[in-house]
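Please look at the sequence and the model below before reading on.

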Amino acid sequence: MARDSGGGDASSLTVVANRLPVEVAADGQVSVSPGGLVSALSAVLSDGDRWVGWPGAGRLPSEHGQLDGVVLHPVPLTPFEMRQYYGGFANSVLWPLFHGRLREVELNRTWWRAYRTVNERFAATVIESTPLGGIVWLHDYHLLLVPRMIRRRRPDLRIGSFLHIPFPNAQLFSTLPWRKEVLLGMFGADLIGMQLPEDVDNFLAAAERCTDAVVRDRSIVLRRRSVTVGEFPISIDFEHWDALGESVVKAAAAARQRLSAAVVLLGVDRLDYTKGIVQRVEAFGELLDDRLLDPEQCVFVQVAVPSRSDLPAYRDERDDVESAIARVNARHPRADGSPVVCYLHVGLDEAELATWYRAADILVVTSLADGMNLVAKEFVASRGDGRAAVVLSEFAGSSHDLADGAVIVNPYDIEAIKHGITAAIGLSDEVKAARVAAMRAVVRRHDVRRWAEGFLERLDDVSVQSRRSAS
Ligand code: G6P
């Protein structure tokens, strides 16, 4: 896309995220980072753009200083800083708080100080590396203080920030002792993007409640400038997943044969307590108990990608998921000795994921809170055959986009999940095809390129307006 330079370097985008697109392990092994941000942004990154982020425990070797022409600027962090900033403030304070306090929020003041220090270091790297008039696009809850830190020293830059996770309601947010600093930090941006309209409403209500800022329509009016807030629901690369789905048809048929079941249900999640994995396993177990499903005919494949396993809440969640699965498997042995819940605690590459997507009949997403959930979108994109259905939590952001095709359920209600699963299994082939086609049409139209370009175009517009009003 053509980027308006605002008088500076026209081809100048700096992406800032907690992780660089590659991760270097302590032993020097380089791998692709988890999370889909790299493919999400590839459509708008060009040669010479920059990416600022944590490189992993190891040192980024000089031959990996670039990725597809994008210059990587590592922000090294010590293991102690990672424990306090990433494991502590980001993932034991902000993550549970922003997901509706699904786990206890540990208000540790040392973690807050580490978060500030690490945010300063990210800001310093952006300030040093971004040319005059450049665009800075920050991602997610790890870096909420960075926009203001950058603006103070580089008012020439256009700053956008996108929150990938939900923004909690104002009352819940205002329990955070550092609520004002966090909001003022975010106000440093010209444009703040959220996933859904309700996240925008929550954010504006929190801004009114916790700061002196005036909220007008969908902007925060400060003394010398204003900050625009809007929803930009993230998506996926439709064509890519569509093609992947077609390329794995044989592998999917083989996987299906190995499972030897007439109906294959599938869950794919990072192993996180926000995903409602236990609820869905219990719902499936009860359907077997009630004899509404037959273990000889129906299996559940649960892929659980290891995540944040240093944190106690994640270790506990793993125990809970694995015990729930073991209970169902013990109650419902299959004649051939294979488990009725097939559990894969492993990270999969895209081709392997697409194989499971294509092998399944029903995808079950029961997130208790989820900014978007791209798994649901990847699943429908890879199902050009249309012989599938989706059971989808009303608390996953993607339930807004996929409402016309998915069977929407309240994941806190086990009976509702059970009904959702039986309803999805019972859909006729015709209805399945029509519903999948409806969901695919939405994802095809609102794909990730449109998301990224839409955000950057809006950032261009709002920074021009805000410059005019400041002059
Ligand atoms: C969520 C967050 C991302 C994060 C990803 C993986 O999707 O919104 O910012 O990168 O989880 O989590 P991790 O802690 O491994 O980066």
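How do the residues of the shell around the ligand divide into nonpolar, polar and charged? The shell divides into two nonpolar, two polar and four charged residues, where Ala, Val, Leu, Ile, Met, Phe, Trp, Tyr, Cys and Pro count as nonpolar, Asp, Glu, Lys and Arg as charged, and the others, Gly among them, as polar.

The model is predicted, so that local features need pLDDT of at least 70 and side-chain atom pairs count only at pLDDT 80 or more, while totals for chains, interfaces and linings use all residues. Residues are numbered from 1 along each chain as its sequence is written, and side-chain values use heavy atoms, with hydrogens and water left out.

**Ligand surroundings**

- Arg19, Tyr86, Asp140, His142, His164, Ile165, Arg270 and Arg308 surround the ligand, each having a heavy atom within 4 Å of it.
- The side chain of tyrosine 86 has an N or O atom 2.5 Å from an oxygen atom of the ligand.
- A distance of 2.8 Å separates a polar side-chain atom of arginine 19 from a ligand oxygen atom.
- For arginine 308, a polar side-chain atom also lies 2.8 Å from an oxygen atom of the ligand.
- On its own the ligand has 380 Å² of accessible area, of which the protein covers 79% (Shrake-Rupley method, 1.4 Å probe).

**Domain arrangement**

- The protein chain is assigned domain 1 (9-234 + 449-465) and domain 2 (238-446), with bounds from an automatic or database domain assignment.
- Between the C-alpha centres of domain 1 and domain 2 the distance is 30 Å.

**Interface between the domains**

- In domain 1, 19 residues are in contact with 22 residues of domain 2 (heavy atoms within 4.5 Å).
- About 1600 Å² is buried between domain 1 and domain 2, 62% of it on carbon and sulfur atoms; this is the accessible area (1.4 Å probe) that two parts lose on being put together, summed over both.
- Of the area that domain 1 buries against domain 2, Trp95, Leu102 and Arg103 supply 34%, more than any other three residues.
- One salt bridge is counted between domain 1 and domain 2 (a side-chain nitrogen of Lys or Arg within 4 Å of a carboxyl oxygen of Asp or Glu).
- Arginine 103 forms a salt bridge with glutamate 317, their closest N and O atoms being 3.1 Å apart.

Technical notes:
Polar contact = N/O pair within 3.5 Å; in protein donor to acceptor, adjacent residues only side chain to side chain.
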